[in-house]
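Hi there,

Here is the structure I promised to pass on. Have a look at it first, and my notes on what turned up follow below.

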Amino acid sequence: DIEVLRSNWLSDDEIVNTIKKRGGMELTKEDVKYLFEKGFSTKFIEALKNFSFIPQFPPLPANMEKFAQQSNDEWVKKTFALVLGINVYKNDKDLPNLQYAVADAQGFVQYLLSVGVPTSQICLLTNGKVTAEEIEAQIVEMAKTKGVVYFFYSGHGIYWDEQFYLTCYNTNLKTSPQELANTAYTIDKVKQRLVGGNAERV
């Protein structure tokens with residue numbers, strides 16, 4: 001994604017500002033090494049790290065904030081959400097990076113906040129945080145709640161060996177269907193965990 005921006009003749013500062021407007025990005029050690037190899041400066045990489053991935057939500061409009069504060073609806077009190085968005089993939093040769101998946105996830109979180117759902121009842125995972133292990137851990141916890149559960153995913157989906165998979169940051173497509181389950185998460189498993197749990201509605 002950074003190389004695409006540079007190919008459009010943007011300066012380093014313009015690239016940083018563009019990525020910042022998109023909600024930031026997460027830099028792994030492998031990413032930093034890759035950027036150095038591609039000739040990006042230390043100053044540029046440090047600038048990216050300054051907002052490396054802490055989601056920033058715009059303030060609510062005054063009328064929506066008032067509504068959120070006054071909302072006493074029972075469903076709001078009992079609403080929980082697991083929200084996933086992936087722009088950057090570790091194996092980006094097999095899974096092309098996306099531009100707006102994280103923004104989609106953040107937008108859904110913003111909606112939940114706008115209607116009064118407490119931040120403590122929303123789990124947002126993005127980019128490198130989205131692994132099969134972490135999804136499983138969060139879903140298992142969420143399945144224990146007695147209320148309304150939202151599961152939101154924005155990223156690549158694949159169909160393989162008669163299974164629909166949600167890809168994760170580290171999904172490896174060059175593997176067997178059995179091993180794929182270690183780096184991706186099936187929709188069937190989402191349904192089994194959540195619908196089979198304590199939630200009143202999913």
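Helices (H or I, at least four residues) and strands (E, at least two) are DSSP runs, numbered from the N terminus. For angles, axes are lines fitted to C-alpha atoms, for helices over the stretch in contact, and the values run from 0 to 180 degrees between N-to-C directions. Contact means heavy atoms within 4.5 Å.

Before going further, a word on the source. This is a predicted model, in which local features need pLDDT of at least 70 and side-chain atom pairs count only at pLDDT 80 or more, while totals for chains, interfaces and linings use all residues. Residues are numbered from 1 along each chain as its sequence is written, and side-chain values use heavy atoms, with hydrogens and water left out.

**The antiparallel sheet**

Strands β5 and β6 belong to an open sheet of three strands, ordered β4-β5-β6 with antiparallel pairing. Two strands count as paired if DSSP finds at least two bridges between them. At the edges are β4 (157-160) and β6 (184-186), each of which pairs on one side only. Direction ignored, neighbouring strands here are turned by 35 degrees against each other on average.

β4 is joined to β5 by four bridges, and I158 stands opposite Y165 in β5. The two strands form a hairpin with two residues between them, and D161 in the turn has a positive phi of about 55 degrees. Y165 has T186 as its bridge partner in β6.

Is T186 buried or exposed? T186 has a relative accessible area of 12%, so this residue counts as buried (buried is under 20%, exposed over 50%, partly exposed in between, with a 1.4 Å probe and protein chains only). Leaving aside neighbours within four places in sequence, T186 is in contact with Q163, F164 and Y165.

F164 also turns up in a nonpolar surface patch of about 320 Å², made together with Y159 and I187; Y159 sits in β4. Patches are made of residues with over 30% relative accessible area and no salt bridge, joining like charges within 9 Å and nonpolar side chains (Val, Leu, Ile, Met, Phe, Trp, Tyr) within 5 Å. A salt bridge is a side-chain nitrogen of Lys or Arg within 4 Å of a carboxyl oxygen of Asp or Glu. Areas come from the Shrake-Rupley method with a 1.4 Å probe; for residues, only the protein chains shown count as cover.

**The parallel sheet**

There is also an open sheet of three strands in the order β2-β1-β3, with parallel pairing. Its edge strands are β2 (122-126) and β3 (148-154), each pairing on one side only. The twist from one strand to the next averages 5 degrees. β1 (residues 79-85) is joined to β3 by seven bridges, and L84 has Y153 as its bridge partner in β3. Helix α7 (residues 101-114) packs on this sheet, touching β1, β2 and β3, with its direction at about 165 degrees to that of β1.

**The whole chain**

The protein chain has ten helices and six strands. Of its 202 residues, 41% count as buried. The chain exposes about 11600 Å², with carbon and sulfur atoms supplying 51% of that.

Enjoy exploring!
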